[in-house]
Amino acid sequence: MRLIHFALSQHLEEMDPPGYPAPEQDVGLSINVSSTGLCMLTAQCLEEGKVLRIWVPMPVAAAQTPTLADVRWVRALPSSLHGGFVVGLRFML
């Protein structure tokens, strides 16, 4: 599980150079990552079909790779788990 920073495509102009998200940008927690996408937990309800700019942590310390991904599905967590959403993303390479 790693921290994933993301921004909705319409907010890409709000990125800090050199393309990393500003501290107030949205974050999620990766559950799993594959070669085609990832699943993450986030507090924000995302819309299916939306395009996100995401920063995927790499195994090398302090390295991140920015990429685009589209939201494939969203599932709300039960309120007993303090809300939040599980989101499936597909990499757009």
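In which sense do E1 and E4 pair, and over how many bridges? They run antiparallel to each other, with 4 bridges between them. Keep in mind that what you're looking at is a predicted model. The protein chain has 6 strands and 0 helices, so if you read along from the N terminus, the order is simply β-β-β-β-β-β.

- Across the protein chain, the mean pLDDT comes out at 79, and 71% of the residues get to 70 or more.
- Strand E6, residues 85-91, has the highest confidence, at a mean of 94.
- At the other end is strand E4, residues 51-57, where confidence is lowest, at a mean of 85.

**The overall picture**

- The protein chain has 93 residues, and 37% of them count as buried.
- Take the contacts in the protein chain with a separation of 6 or more: 50% of them come from residues 24 or more positions apart.

**The nonpolar core**

- The largest nonpolar core is made up of 16 residues.
- Leu38, Met40, Leu46, Leu52, Ile54, Val87 and Leu89 are the ones with the most contacts inside this core.
- Two or more residues each come from strand E1 (3-8), strand E3 (37-42), E4, strand E5 (64-76) and E6.
- E6 gives the most to this core, with 4 residues.

- Why is E4 described as largely enclosed by the rest of the structure? It's because 5 of its 7 residues are buried.

- Is Ser30 buried or exposed? Ser30 is buried, because its relative accessible area is 6%, under the 20% cut-off.
- Leu29, in turn, has a relative accessible area of 30%, so it counts as partly exposed.
- Setting aside neighbours within four places in sequence, Leu29 is in contact with Met1, Arg2, Leu3, Cys39, Met40 and Leu41.
- With those neighbours again left out, Ser30 is in contact with Met1, Arg2, Ile4, Cys39 and Met40.
- Leu29 and Leu3 are 26 residues apart in sequence, yet the distance from C-alpha to C-alpha is 4.7 Å.

**Cysteines**

- How many disulfides does the structure hold? The count is 0.
- Cys39 counts as buried, because its relative accessibility is 10%.
- Cys45 counts as exposed, because its relative accessibility is 52%, over the 50% cut-off.

**Salt bridges**

- Side chains of opposite charge can pair when their charged atoms come close.
- The structure has 2 salt bridges by count, and Asp70, Arg72 and Arg90 are linked in a network of them.
- Arg90 forms a salt bridge with Asp70, and their closest N and O atoms are 3.0 Å apart.
- That pair ties together distant parts of the chain, with Arg90 in strand E6 and Asp70 in strand E5, 20 residues apart.
- Arg72 also forms a salt bridge with Asp70, this time with the closest N and O atoms 3.6 Å apart.
- How exposed are the residues involved? Asp70 is buried, because its relative accessible area is 8%.
- Arg72, at 44% relative accessibility, counts as partly exposed, and so does Arg90, at 38%.

Key
Residues are numbered from 1 along each chain as its sequence is written. This is a predicted model: local features need pLDDT of at least 70, side-chain atom pairs count only at pLDDT 80 or more; totals for chains, interfaces and linings use all residues. Side-chain values use heavy atoms; hydrogens and water are left out. Buried means under 20% relative accessible area, exposed over 50%, partly exposed in between (1.4 Å probe, protein chains only). Contact means heavy atoms within 4.5 Å. pLDDT is the predictor's confidence in each residue, from 0 to 100. A nonpolar core is a set of buried Ala, Val, Leu, Ile, Met, Phe, Trp, Tyr and Cys residues joined through side-chain atoms within 4.5 Å. A disulfide is a pair of cysteine sulfur atoms within 2.5 Å. Two strands pair if DSSP finds at least two bridges between them. A salt bridge is a side-chain nitrogen of Lys or Arg within 4 Å of a carboxyl oxygen of Asp or Glu.
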